[in-house]
Amino acid sequence: MLRWLQNFPHFLQVLYDATHHALAPFRRWLKPRGIVEKTFIVAEEITKGALFNCQMCGQCVLHSTGMTCPMNCPKNLRNGPCGGVRANGHCEIIPEMRCVWVQAWERSRAMPKYGDDIFNVLPPVNRRLQNTSAWLNEFSGIAQKNPAGWIDAQHISTIQR
Ligand code: SF4
């Protein structure tokens, strides 16, 4: 419906920041429970569904992926494409669809603030957060909790020194 807006990632980046700034003062009430949670889930299903074909993973990484939802990759890859991208940039599983990661890369180049976040290696998605509110998970800190054993790239370089 509104998916064409994904081709304006700079605008979406501004919209993301504006939403974050608008919600931040209410952080202490933004907990994933009760009516607040129900309201956010419905709101995200409607708005992010229309814009990004959001799959409600509950751990949104759009600003790291060129405002392109990685959960639309048939393999749900969160860290770049598989080895099967076709020569025309289309998906090996759904040949009529452009590879999500080809689009993510192209769009990330048009995002001055978050574009290079695409180089960060993301932790595995927490499947227990499926169908929960990504905004509430973000503000409550749940989304930032990495699985046991996950060591991010920054930590690895500290260990290697
Ligand atoms: S919350 Fe997850 S499924 Fe929804 S747009 Fe963000 S990354 Fe995609």
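**Notebook: a first look around N53 and beyond**

I started at N53: leaving aside neighbours within four places in sequence, N53 is in contact with R3, C69 and N72. This is a predicted model, so I kept an eye on confidence as I went.

Where does N53 sit? I found N53 in the loop between α2 and α3.

**Around the ligand**

C69 turned up again here. I listed 13 residues around the ligand, and C54, Q55, C57, C60 and C69 come nearest. I sorted that shell by type and got 11 nonpolar residues, one polar and one charged.

**The cores**

Which residues have the most contacts inside the largest nonpolar core? I noted C60, L62, C69, A134, W135 and L136, in a core of 15 residues. Both α2 (34-52) and α4 (134-140) supply at least two residues of this core. The largest share, four residues, comes from α4. I jotted down a general point: in soluble globular proteins, nonpolar side chains tend to be buried together.

Not counting residues up to four places away in sequence, L136 touches L30, K31, P32, E37 and F40. There is also a second, separate core of seven residues, and I wrote down C91, W101, A104 and I118 as among them.

**The whole protein**

How many helices and strands are there? I got five helices and zero strands, so my sketch of the order reads α-α-α-α-α. The radius of gyration is 16 Å, close to the 15 Å that the globule rule gives for 161 residues, so I put the protein down as being as compact as a globular protein of that length. The C-alpha trace spans about 50 × 50 × 30 Å along its principal axes.

I looked up burial too: 25% of the 161 residues count as buried. Of the contacts with a separation of 6 or more, 65% are between residues 24 or more positions apart.

**Confidence**

The mean pLDDT is 93, and 94% of the residues reach 70 or more. Which elements have the lowest and the highest mean pLDDT? I noted helix α5 (residues 153-160) as the lowest, at 60, and helix α3 (residues 100-108) as the highest, at 98.

How values were computed: Residues are numbered from 1 along each chain as its sequence is written. This is a predicted model: local features need pLDDT of at least 70, side-chain atom pairs count only at pLDDT 80 or more; totals for chains, interfaces and linings use all residues. pLDDT is the predictor's confidence in each residue, from 0 to 100. A residue is near a molecule or strand if its C-beta atom, placed from the backbone, lies within 6 Å of it. Ala, Val, Leu, Ile, Met, Phe, Trp, Tyr, Cys and Pro count as nonpolar, Asp, Glu, Lys and Arg as charged, and the others, Gly among them, as polar. A nonpolar core is a set of buried Ala, Val, Leu, Ile, Met, Phe, Trp, Tyr and Cys residues joined through C-beta atoms within 7 Å. A residue is buried if 20 or more other C-beta atoms lie within 10 Å of its own, exposed if 12 or fewer, and partly exposed in between; C-beta atoms are placed from the backbone. Two residues are in contact if their C-beta atoms, placed from the backbone, lie within 7 Å. The radius of gyration is taken over C-alpha atoms; the globule rule is 2.2 Å times the number of residues to the power 0.38.
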